[in-house]
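Here is a brief report on one protein model.

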Amino acid sequence: TLCSMNLMVINFAIAAVLIQRWYRRYMARLEMRRRYTWNIFQSIEYAGEQDQLQLSSFFSFMLDNFTQLNGNGPDLISQLLDPVVDPWLDKETCYNLIAVPESYTGPRLSFPLSVSDTNTLLGAFKEQQTLHARYVLQLLYETKKLLKQMPNIIHLSTSYTKEITICGDLHGRLDDLLLIFYKNGLPSAETPYVFNGDFVDRGKKSVEVVMLLFAYLLLYPDYMHLNRGNHEDHIMNLRWTHGREILQLFQDVFSLLPVATVIDGKILIVHGGISDQTDLDFLSTIERHKVSGSKQSTDCSRPSSNSSPQIKRRCRLSRQDSAASTSSSSSSSSSSASSLCSPRTPSCLTPRPCPSSPSMPYTVSVLQVPFLDSLSSVPPPSPPQHEREWKQIVDILWSDPKTQEGCSANTFRGGGCYFGPDITQRLLLQHGLQLLIRSHECKQEGYELCHGGQVITIFSASNYYEEGSNRGAYIKVGRELVPRFYQYQVSRTTRKLTLTQRVRAAEGSALRALKEKLFTHRSELMSGFQQYDQNNTGCVSVSEWAQVLESVLRLDLPWRTLRPHLACLAPDGSVEYQSCFEDMEPGIPLSQVTPNLAETLFRYRTDIGIIFNIIDKDHSGLISIEEFRHTWRLFSAHLGVDIDDRAIDDLARSIDFNKDGSIDFTEFLEAFRVVHKLDNKDQQLNGKMDGKFS
């Protein structure tokens, strides 16, 4: 009996070891899937920012080349980027001329705002109500007046309050903001807040989020503090489609936001990060509203009186030096400059070298993009004082920490720098600080510590990439200056899912996005595969397959690990590269469209949407075929895509579905949407099942 008992114990021990080993392997595989899913999301996000660089560069290209569009010439685009606001809207009391009809059922505000007003606004947004334009304008103008009185760097003290709450990126996620207020309390003297930039863009409720933040800023200017982020930028927010004049007013307010906050002289809060050139004393003296992503200082190098109108206009737009301002404009300047900042720009855009500044420790051939979503990279501005101011703002808004020592150009984003622990240590010692809090990067747990705990990243938009992809978080700091972290996730469904289910859902979404990326680069990828497949076997080795994907897409992903999800293997272990594209097809097949043109349309679908929204001034959703032809010819020329006029004309005719001489842009976007075949099969199957049981 004793022997049998010992044998049972041994068997149980062996079973326990085997189960433990299996569980560890299972969790390791799950963690691997979670990590590469995260890498896919982040790489595609940054690639999207590089695409925004292409769009803003295209606007500069249009300024030089667009001769006529609706009779407006280059003024059409210059009005978008020019800081000049409509004279009527520029009047401080223009909102008084807007009547609020009795039929309006949304929130009604009175100024100066009271607690009752902010509660009304908060409740209205919870109920999906819309704020009338009159109140939007008055909120913007009152916020603008207040911000003009504020310094570049806000200094706070915990001696007047128990704790200060610090929030990171919200990106238009109203539910996250409401949850923070619910868990932590509404802004007040007892609950002061610092919101660290990127309130807008990407989320569906950008206007609601920023209206609430501005309202509480007006109500409690001493207890509600807003830092500027890199997404508080005019061109980036063209996708809001709320009208150019309103966007210009938003930009005026955004440009006045403070760029940093300091708590008790010990904790520095900035949106992006720092560089080895960051000087807080100098930063506090900059006229911040003049260093903007879509306009430059009024003291910029001015062109001579005999300069062409285009050159004068570009002085306002792109911070060029005096030599560039007085030289003849050329499309290659903006195109080649942008290509230097982006590893993903087309190879047809060849860089033109520009002398680097000896004062810059991590130089490239041109100054890095200050706001990647609004300006192409351009030669360093002149005089040097403006260059230095510009670079200070660039680094504060765009930089990211790295584990390696030193400071280097942030080539992945295209602006700012990567700063190491030695750079952090130097700045903290120089200014008597002990901690740097920044945002700018999505983190899976909502926050992350690095540089020996001296740098904290805080991100407050939960489910940023996908449902369940990440938590949001905020920080509370008291008089002891020890940060405490609070995490949350806006989703009832996510809480019910197991870890495996959450990873699977996020992984599926990431792989779909990655497959779409492959589909929109099909010609380039096929050309790369065929260089290795000289005998036209349809197969290449796994290493060759991975090498082609990275050389074309430049996403820095573990392609070998991802291969089972993206392509099939032949019996000999080689990759059947055509299988990369089998799961996808265009939304509406257009046989007249050449593959090269179609892929370009797929790839730049979002950018083209913004461009056509600009052209469609009456917001009818229709543009003329001639407008389409002219704009697309410029866009394809700017991108260096070799598409002849006949192909563009064929495309225009093919999407004029009712042959009335106009293009319904909704149908155009639908035609150039990547559709997953599996989705179509599921829809067809569901339709058949519904038919059986109806």
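Is C539 buried or exposed? C539 is buried, because its relative accessibility is 19% and buried means under 20% relative accessible area, exposed over 50% and partly exposed in between (1.4 Å probe, protein chains only).

This is a predicted model, in which local features need pLDDT of at least 70, side-chain atom pairs count only at pLDDT 80 or more, and totals for chains, interfaces and linings use all residues. Residues are numbered from 1 along each chain as its sequence is written, and side-chain values use heavy atoms, with hydrogens and water left out.

**Cysteines and E45**

A disulfide is taken as a pair of cysteine sulfur atoms within 2.5 Å. By this rule the count is 0. C580 is in no disulfide; its nearest cysteine sulfur belongs to C568, 8.8 Å away. C580 is also buried.

| Residue | Relative accessibility |
|---|---|
| C539 | 19% |
| C580 | 3% |
| E45 | 14% |

E45 sits in helix α1 (residues 2-65). Helices (H or I, at least four residues) and strands (E, at least two) are DSSP runs, numbered from the N terminus. The E45 side chain makes a polar contact with the side chain of Y465, at 2.4 Å. Such a contact is a pair of N or O atoms within 3.5 Å; within protein, one must be able to donate a hydrogen and the other to accept it, and residues adjacent in sequence count only if both atoms are side-chain atoms. Beyond neighbours within four places in sequence, E45 is in contact (heavy atoms within 4.5 Å) with R202, Y464 and Y465.

**Helices**

Helix α17 (residues 542-553) and helix α18 (residues 559-566) have axes that come within 10 Å and cross at roughly 100°. The pair is therefore roughly perpendicular, a label for angles of 65 to 115 degrees. On the α17 side, the residues in contact include W545 and L549; on the α18 side, they include W559 and R563.

In helix α5 (residues 174-184), the buried residues include L177, I180 and F181. Their cover includes α3 (115-126), α6 (206-219) and β13 (472-478). G185 follows α5, with a positive phi near 105°.

**Whole protein**

The protein has 24 helices and 21 strands. Of its 694 residues, 55% count as buried. Among contacts with a separation of 6 or more, 72% join residues 24 or more positions apart.

Note on methods: Axes fitted to C-alpha atoms, helices over the stretch in contact; angles between N-to-C directions. Parallel < 35°, antiparallel > 145°, perpendicular 65-115°, else oblique.
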